[in-house]
Amino acid sequence: MNEGRVIASNVEKVYRSERTPTTAIEDLSFEVGDGEFFSVVGPSGCGKSTLLYLIAGFLDVTSGMITVNDHAVEGPGTDRGVVFQDYALFPWKTVMGNVTYGLAENGVPKDERRETAQHFIDTMGLDGFEDTYPKELSGGMKQRVGLARTLAYDPKILLMDEPFGALDQPLREALQDNLLDIWRELGKTVVFITHDVEEAVYLSERVLIMTRHPGTRKQVIDIDLDRTQDREAIITSEEFTETKNEVWRSLREETKHTV
Ligand SMILES: Nc1ncnc2c1ncn2[C@@H]1O[C@H](COP(=O)(O)OP(=O)(O)OP(=O)(O)O)[C@@H](O)[C@H]1O
Ligand SMILES: [Mg+2]
């Protein structure tokens, strides 16, 4: 069974620091179908990263449950791959070293690592940079390495926390389209956090809008765009503008209370 269903049921997360406890998420429920591209937007501090780390198994829910293919999440696993905004690459390892490291960590036999790594390095357009160190790469290239490293061990579910947030617009767009190609070809389930409404609408099949802190479900919006068209046609379509405005309106209701 290689499916990628994620279900959150009445999830609550309380951070217990030494001083006062903080409820980051309360009573949050939603389902992400196998192979779905699902984005999460919400005001800053509403618990988006917390939610991603709960699905990843880096944090435990305080109450409620998150299941992946009907199994409660109890820790990280190779069925889920996380891509961070700040790339989280090892500065002392080359591109090849960073990508093979993920494979080693996930139990891929040594003789297969290089070949698999090379395949994803090529997929992400990084061929020729195998022996380069992260500090010599641009932000866009670093994020390609981050993606190659995660894709190489073939997680069914990609969990992405504002992965393109630090990139300029042309690079963002290039990586968004790379990601869509990968999603279509490899049939991954994607849970994608962003604060960029346009990005969420362009990429996703559904968007979860969270309320302001403490975050819960405000609304889930279906995105119905003709994906056979190219970017230009999609973003200039009436459906795109209407959906974007609908998400904006919902989000604005939340953010106007935070200032
Ligand atoms: N380790 C922690 N200990 C205590 N409180 C935390 C911790 N991490 C996050 N929080 C709090 O939990 C809430 C949600 O934080 P989180 O980082 O998940 O929000 P976010 O939606 O990802 O924000 P942003 O859009 O700014 O990235 C915030 O109030 C934050 O201060
Ligand atoms: Mg965050």
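This is a predicted model: local features need pLDDT of at least 70, side-chain atom pairs count only at pLDDT 80 or more; totals for chains, interfaces and linings use all residues.

Me: Why is Ser204 called buried?

Reply: Buried means under 20% relative accessible area (exposed is over 50%, partly exposed in between, with a 1.4 Å probe and protein chains only). Ser204 has 0% relative accessibility, so it counts as buried. You will find Ser204 in the loop between helix 6 (197-203) and strand 9 (206-210). Helices here are DSSP runs of H or I with at least four residues, strands are runs of E with at least two, and both are numbered from the N terminus.

Me: What makes the pair of Ser204 and Ala200 a polar contact?

Reply: The term needs a pair of N or O atoms within 3.5 Å; within protein, one must be able to donate a hydrogen and the other to accept it, and residues adjacent in sequence count only if both atoms are side-chain atoms. A polar atom of the Ser204 side chain lies 2.4 Å from the backbone oxygen of Ala200.

Me: How do you know that helix 4 is mostly covered?

Reply: Of its 14 residues, 12 are buried. Among them are Gly140, Arg144 and Leu147. These buried residues pack against several elements, including strand 6 (80-83) and helix 5 (169-186).

Me: What span is expected of helix 4?

Reply: The expected span is 1.5 Å times one less than the number of residues. For the 14 residues of helix 4 that is 20 Å, and the helix reaches 20 Å from its first C-alpha to its last.

Me: What is meant by a nonpolar core, and which residues touch the most other members of the largest one?

Reply: A nonpolar core is a set of buried Ala, Val, Leu, Ile, Met, Phe, Trp, Tyr and Cys residues joined through side-chain atoms within 4.5 Å. The largest has 48 residues, and Phe37, Met124, Leu147, Met160 and Phe192 touch the most other members. Helix 4 gives the largest share, six residues.

Me: Which residues surround ligand 1?

Reply: Among them are Tyr15, Gly45, Lys48, Thr50 and His213. A polar side-chain atom of Thr50 lies 2.5 Å from an oxygen atom of ligand 1.

Notes. Residues are numbered from 1 along each chain as its sequence is written. Chains are lettered from A and ligands numbered from 1 in the order in which they are written. Side-chain values use heavy atoms; hydrogens and water are left out. Contact means heavy atoms within 4.5 Å. A residue is near a molecule or strand if one of its heavy atoms lies within 4 Å of it.
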